[in-house]
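Below is a short report on a model with two chains.

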Amino acid sequence: MTLWNRLRSWWRVILHRSCLENEMDAELRFHLEAFAEDLVRSGMARQEAMRRARLEFGGIERTKEECRDARGANLLEALAQDLRYGLRMLRKNPASTAAVVLALALGIGLNTTVFSFVNALLLRPPTGAEAPDKLLQLWLHNRGTSGMEGYLPLTYPDYVYYRDHNQSFTGMLAFDGDPESVIWNRSGEGQVVLGQLVSGNFFSLLGVNASLGRTFLPEDDQPGHPQPVVVLGHSFWQQRLAADPKVVGKSLLLNGTSFTVIGVAPGGFAGLLVAIEPDFWAPVTVAEQILHDAGRLTNRQGYWLFAVGRLKPGVAAPRAGSEVNLLAQLIEKEHPDTNKNLGANLFPATLVPGPYRGFVSAFTGLLMAVFGLVLVIACVNAATLLLARATGRAREMAIRSALGAGRGRLIRQMLVESTLLSGLAGCLGLLLAYWTSPLLLALKPVSLPITLRVPLDWRVLLFTSLVSLSTGIVFGLTPALRSVKVQVAPILKDEAQSASYRKSRLRSSLMIGEIATCMVLLVGAALCVRSLLNANSMDPGFDTKHVAVATLDPGSLGYPEAKVHGFYEQLSRQISALPGVSSASFVNHLPLGTAREQSAAIEGNHSASGQNAVSVDVLRVAPGYFETMGISLLSGRDFLPRESEEPGGTSGGVVIINEAMAEKLWSRQYPVGRRITLGEGTGLGLEIIGVVKTGKYRTLGEDPIPLVYLPRLPGRRTLVVRTSGDPRFLLDTIRREIQAVDANIAATDLETIEQYMALPLFPARTIGLLLGASGILALVLTSIGLFGVISYMVSQRTHEIGVRMALGASQHEVLKLVVGHGLTMASIGLALGLAATFGLARFLSSLLYGIQPSDPATLLGVSVSLIFIASLACYIPARRAMSVDPLVALRYE
Amino acid sequence: MDKQLDLLQGTLDMLILKAVSLGPLHGYGILLRIQQISKDRLEIQQGSLYPALYRLEHQGWIASEWGESENKRKAKYYRLTAAGKRRLQAETENWNSMADVIAGILGTKPEEI
């Protein structure tokens, strides 16, 4: 209560400063006059009475000042005074101020950038949704599997069961966890758009209203009567439909089916998945029509729906959790074949789904740690600089404290100065983050259909302010406490000149810590950059220069198989005839992408389920694939067009295998002509007609993986085109050719193979760039710090050096003295840093390509260059020390 | 008996609280009342009265409002708050027990030890 009172009275003081002054005047005047009147009444002359009253009252101004103090009014004024004084001090040393502010700004700015990504991925709730904290996401969990892979989204029948049988949620919605690329036939020309299938209650349960028209109703989403209706995304409507106000009621031809537009979603709403901004939403029950995937809604093993429920008021999350687990057991009883061991777990409905959060947190946590270290270095730098300045200001502090400034006041003064520095740095840092976030986003491969919004919202602002403030206090506190420990008398008597040097042990240990931290960051950076170079130069096993690729899916338009076949045949003919094209072929999906097909293989013609089976990857290719991709055929022959048409299997199909596979099954014998069986395949097995060179299929860093090429392709394929020239000039031609063959079809991911390779290189590139930047930054900051400390040391020891030189020390010895001091610090820091590196490097090992975290060449190289830069940072001040004139130095006293 | 005593350190706050506990008063009135109750035996520095008043108000033990004085002039009146009442009680008890102890010590005669 009294605290509240104090705050209120203080608040009044701030707001009504002049009011307080007037009241105080009036009150004191009343006192004097009342006193004077009493004196007059006792017989004194009025003039004399007034004089007496003033005299007895004492100093009026002093009383007022004490009153202001009592009210806390002066606190503010003193703070303003500190601020003004602080600004003046910072202006007086523009160079060191700029150095500190810039270093801190880089540290704070990079941390803000990383945090803005953490915020965008992990902290921000889905935009537009009402009360997102009441939303819970349901995941199936396979009890037999551990880790992230154990979690599965729902099948449609599962979703319906949970939706209709739970008691904990007011409703449960579902959406397609992997939005579909859909071909929009826009007046005869195919365009690829992103569509998300959602349950009929999706918008109503989230509390999202249409900005135009209406959103879905449960009636739109009845199995058996699916309504071909869509709600458009706001930016799609604005950018692709020119914000047509009469769009409601019009129809769009999507994957060959006509859909009626019933509404437009509000701006900013992009569903519940991070980095995905659907162009349109359609009811889940139209899945079979739009995807031409019969049985999608009854399939009990196709896990594709993310389900989200809204908790009923008064129901706690744990209760809902035990309920869904109970429901999972009931389903398991009903469908023991498909739902065996499948439990159900609830997670908060976040933009990054619950099971993946751990992975994202670990990655961003690593980045936060790295850039946290950069900030620590910047802080240590600022602290050493302020320490040096504090020692230089010992005289000022001594005078101020001799004049009666309290200990608290002096500390406050120093802290105001340091937070002023960090506050300035924070503002600059925000600006920096504003520039670097889009830069980081630009690193993402073009083919990744993600649009991540990284807003600098209140969470980021709060983070930056807190970091800036605590930075200011952390690096300001030590110098501040130092500065008030000064012994007034000796300093004022000018006796403490040479004694201060011995006190710099604190500064030295700070510097050593900084060098150690820098060492850790540098090793990390060097490893990652070298790994990036390795990854870049790593041979993926195919030509990464002269190929253009495009993904096509005429099957999604509902074409019958013959029409799909006809389309590809004609396309292949036309593309091959283009000038500059040497060959063209198809593959079901490119290696090093996200799609993968696996099987088990065994020699001979029995079922490959035994323990002798080899796990193999499978790619399906058309004739000419190896030639087009520049994969050399080691023995045997390529597929023939005839083979890619006839169904394999009983008649005994043909396969081509890679070298790794050949070595695995027949280490020394000639494999061509032998037979293998894939999976449960029966009959004669498959005849091996050729062996090709092993490439990289899953990741660039993998060990050789056995792989089987099959000649038959599904409807969805990737076209690969080889050109003698630059494939970039071919992209437009390919687009036109596809349009010419069938105007309804559009290619997704039409790009050069080089652009495609950005995807598998993405992790290495990002890590390499970020850690490389942090390492360089750390090195620059540390050398500036070392330079500052050594320069300061030289200026403090000028007298001593002068004496030494007067006594006959040579310039060489002085150089040794100064550089030796710096190098001692550097070596100790280096050793500590190396020790820490061994402890930390294993965190990196999973991110590195073809290099060990303890790579001796890297460690040696980094150590040598750090020592070299350290000696350079010491040499410049040492030169100044060498040129000390003993006469001048001695006369100074 | 006419000799004036200097105020003991830290006791002014207590006296002010006591004075306003008897009814709302303006600053000058508080001065007069303390002098009147003490029969002019206490000397209060007029200048030190107001900082004390402001401090007590800041701490929430007394509250102030503007009113009219006996001779029809605007004056700031102070009154005791509920928190101030508790404070006064606590200080009074504290003072009394302290005074007892001190008096006990000072009144000790050699034969009592």
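## Confidence

Chain A has a mean pLDDT of 84, and 93% of its residues reach 70 or more.

The model is predicted: local features need pLDDT of at least 70 and side-chain atom pairs count only at pLDDT 80 or more, while totals for chains, interfaces and linings use all residues. Residues are numbered from 1 along each chain as its sequence is written, with chains lettered from A and ligands numbered from 1 in the order in which they are written.

## Helix α26 of chain A

Helices (H or I, at least four residues) and strands (E, at least two) are DSSP runs, numbered from the N terminus. Helix α26 of chain A covers residues 811–840, 30 residues in number. At 1.5 Å a residue, α26(A) should span 44 Å, and its end C-alpha atoms, 42 Å apart, agree with this; the expected span is 1.5 Å times one less than the number of residues. At Gly820(A) the helix bends by about 25°, the bend being the angle between axes fitted to the seven residues ending there and the seven starting there.

A residue is buried if 20 or more other C-beta atoms, placed from the backbone, lie within 10 Å of its own. Buried residues of α26(A) include Val814(A), Val818(A), Gly822(A), Met825(A), Gly829(A) and Gly833(A). An α-helix has 3.6 residues a turn, so residues three or four places apart point the same way. The buried residues of α26(A) pack against α17 (505–537), α24 (758–796), α25 (798–806) and α27 (856–882) of chain A.

## Chain B

Chain B has four helices and five strands, in the order β-α-β-α-β-α-β-β-α from the N terminus. Its radius of gyration, taken over C-alpha atoms, is 17 Å, whereas a compact globule of 113 residues would have one near 13 Å; the globule rule is 2.2 Å times the number of residues to the power 0.38. Along the principal axes, the C-alpha atoms of chain B fill a box of roughly 60 × 35 × 20 Å. Of the 113 residues in chain B, 29% are buried.

## Contact between the chains

Chain A gives 24 residues to the contact and chain B gives 19 residues. On the side of chain A that touches chain B, α1 (2–15), α2 (17–41), α3 (46–57) and α4 (60–71) each supply at least two residues. The largest share, eight residues, comes from α2(A).

Definitions and conventions:
Contact = placed C-beta atoms within 7 Å. pLDDT = per-residue confidence, 0-100. Buried ≥ 20, exposed ≤ 12 C-beta atoms within 10 Å, placed from the backbone.
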